[in-house]
Amino acid sequence: MKILVCMKQVPQKDAPLKLNESGTWIREDVSYEVNEPDAFALEEALRQKEKHSGEVVVITAGPARAQQVLREALAKGADRAIHLEDNAFVSLDASNTARAFAAAIKDEKFDLIFTGLQSDDYGYAQTGVVLAELLGWPHATIIMQIEKTDGGIRVKRELEAGYFQFVDMPLPALLTIQSGINKLRYATLIGIKQAKNKPMRKVMLAEVQSAIGANMQKIERLYVPQKTKNTEFLEGPPAEVAKKLVEKLRNEVRVL
Amino acid sequence: MADSILVIVEQREGKLNRVSWETLTAGQALAAETGWTLEAAVAGSGVTNLANEIAGKKVAKVYALESPKLEPYTPDAFAAGLKQFIASKQPRLVLMPHTYQVRDFVPKLTTAMERTAISDCIGYKKDGARLLFTRQMFQGKLAADVSFTCDAPWFVTFQNGAFRADKVEAGSAAAPVETVNVEIADGIIRNKPQEVFKEAKQAVDLTQAEIIVSVGRGIKEQKNIELAKQLAEALGGELAASRPICDSGWLPMDRQIGSSGQTVAPKLYLALGISGAIQHIVGMKGARTIIAINKDSEAPIFEIADYAVVGNLFDIVPPLIEEVKKAKAGA
């Protein structure tokens, strides 16, 4: 099976975010990491390859810093990488990101494409499904299990409130992967060494420009959300905070 | 282009999903704001009863979109059926709840119509003549006001809990219901869905718990779960967790709170080392009192907390357990 994994670099979970001067995006001087669901998507692709052989290719769009995500994926066992390298990719909407990916892989023949179910920055939860539609492929979202069958694959979709559903589908297909589908592996020292010699194809903005249109939605303003609740911050040394909490539990919350 | 708003409600196995009413409330508010006509649609096979149920609310018209191919749900059939209907009606706004099902077909539908969806919104604003939709970004740390820069129809999905289901206005008389038989060509449905099932009988029903102590990533290691357990026991409450903890197998899945787990509304929700990702918050924001302990002062959980402690949970929880025990013994 030849599998493409779409990955994204996002600000680290605990990174303090600062707004840029125009208040339309964050200042880029933060630490980044791989979007968590994408890490599970990669792991699943590597496991499928180990079972059925084939190739795992990773793709990302973003400035030079985003290459780190691909390097880590190669170190974990991906075979090669595609980097759509330009700052401009950061501000594309989900639709255009999918169009850029579709253009970059037009000469490839994949059996499966995996993406994380959503990104930790924008959180659109759209790019994967849009890509499937552009390619004319069937898709399934929020996947917790994948098995190869005679005619294609059987996947386990997570529904809300603890419900699940198996879906049979033909190949090629696109799946968006849920966090927790598997246990992530670490890169080995040998893997990290080997990654240096694995192919990394760079795709410049100009090569995919004709496939991209104007964004159909625009962030007018980004801001720190207004509090809807009057939060009372309890301060002091731990022993004192514990006393204050118990006082609240007794007199305000009335559970003691 | 019609000056109308179309709310597409969600049904499963002949029952309306509760969030459908929330989206209808949003539709009514937007209709009042814009002066546009509000219509609703429900898609499936044999959905006239559901359409009648919606027709009791303040809407101009309800459409029952019927095809045997819409049951069971598949993204192929839903995208094809809705595309056909929306293209013929040309509403300005199409509103839907941001459910797992909507997430599954909407990007396909909008792409097929060369449009876009502003997804997972928590509200809207009127900015002169145009509408802005507010959505959370960076896991709730920031919010964004987003505009459409393309032609209508504009698709918007609203987050679970963004509007109040009990605020939906009843109509003065039942709205007309029209059945529309959508044509879904043979062979376009590629996925074969099997029966929906529940993994295992839920051993713990957290929805009945009055006190919940919940742990997140901040607990760091599996062995530290014991600390949270001791606090839960001291308080006489149940232990729960955010998704990553259950993913790691540190607590069973039936103790997970959030969109993929249980939705709870206890008297007290004590969040230990939970940052408060949207997916978690939708499962617990109905709690009467929320206490959050987290070392990151910017954690979104503090946005909804009644009492907040910025600090290391490993410093605060041990004396808290002692104080709770003392208080209980003294009472």
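The following legends describe close-up views of a predicted model.

Figure 1. Chain B contains 9 helices and 17 strands. The C-alpha trace of chain B spans about 65 × 50 × 35 Å along its principal axes. Of its 331 residues, 55% count as buried. Among contacts in chain B between residues at least 6 apart in sequence, 65% join residues at least 24 apart.

**Figure 2. The side of chain A that touches chain B.** In this view, 68 residues of chain A are in contact with 74 residues of chain B. Six elements of chain A each supply at least two residues to this side: α4 (127–135), β7 (139–148), β9 (163–170), β12 (217–223), β13 (232–233) and α7 (238–251). The most is given by α7(A), with 9 residues. By residue type, the side of chain A that touches chain B divides into 38 nonpolar, 12 polar and 18 charged residues.

**Figure 3. Pairing of a strand of chain A with a strand of chain B.** Strand β12(A) pairs with strand β9 (residues 142–148) of chain B in the antiparallel sense, over 6 bridges. Within β9(B), B:Ser147 is the bridge partner of A:Lys218.

Figure 4. A:Val155 has A:Val167 in β9(A) as its bridge partner.

**Figure 5. A helix lying across strands of chain A.**

**Figure 6. Helix α3 of chain B and its surroundings.** Helix α3 (residues 75–89) of chain B has 15 residues, which at 1.5 Å a residue should span 21 Å; its end C-alpha atoms are 21 Å apart, in agreement. The buried residues of α3(B) are B:Pro75, B:Ala77, B:Phe78, B:Ala79, B:Ala80, B:Gly81, B:Leu82 and B:Ile86. These buried residues pack against β7 of chain A and, in chain B, against β1 (4–9), β4 (37–44), β5 (61–66), β6 (93–97) and α4 (100–112). Just after α3(B), B:Gln90 takes a positive phi of about 50°.

Notes: Residues numbered from 1 in each chain as written. Chains lettered and ligands numbered in written order. Predicted model: local features only at pLDDT ≥ 70, side-chain atom pairs only at ≥ 80, totals over all residues. Helix = DSSP H or I, 4+ residues; strand = E, 2+ residues; numbered from the N terminus. Buried ≥ 20, exposed ≤ 12 C-beta atoms within 10 Å, placed from the backbone. Contact = placed C-beta atoms within 7 Å. Nonpolar A, V, L, I, M, F, W, Y, C, P; charged D, E, K, R; others polar. Pairing = 2+ DSSP bridges. Expected span 1.5 Å × (residues − 1).
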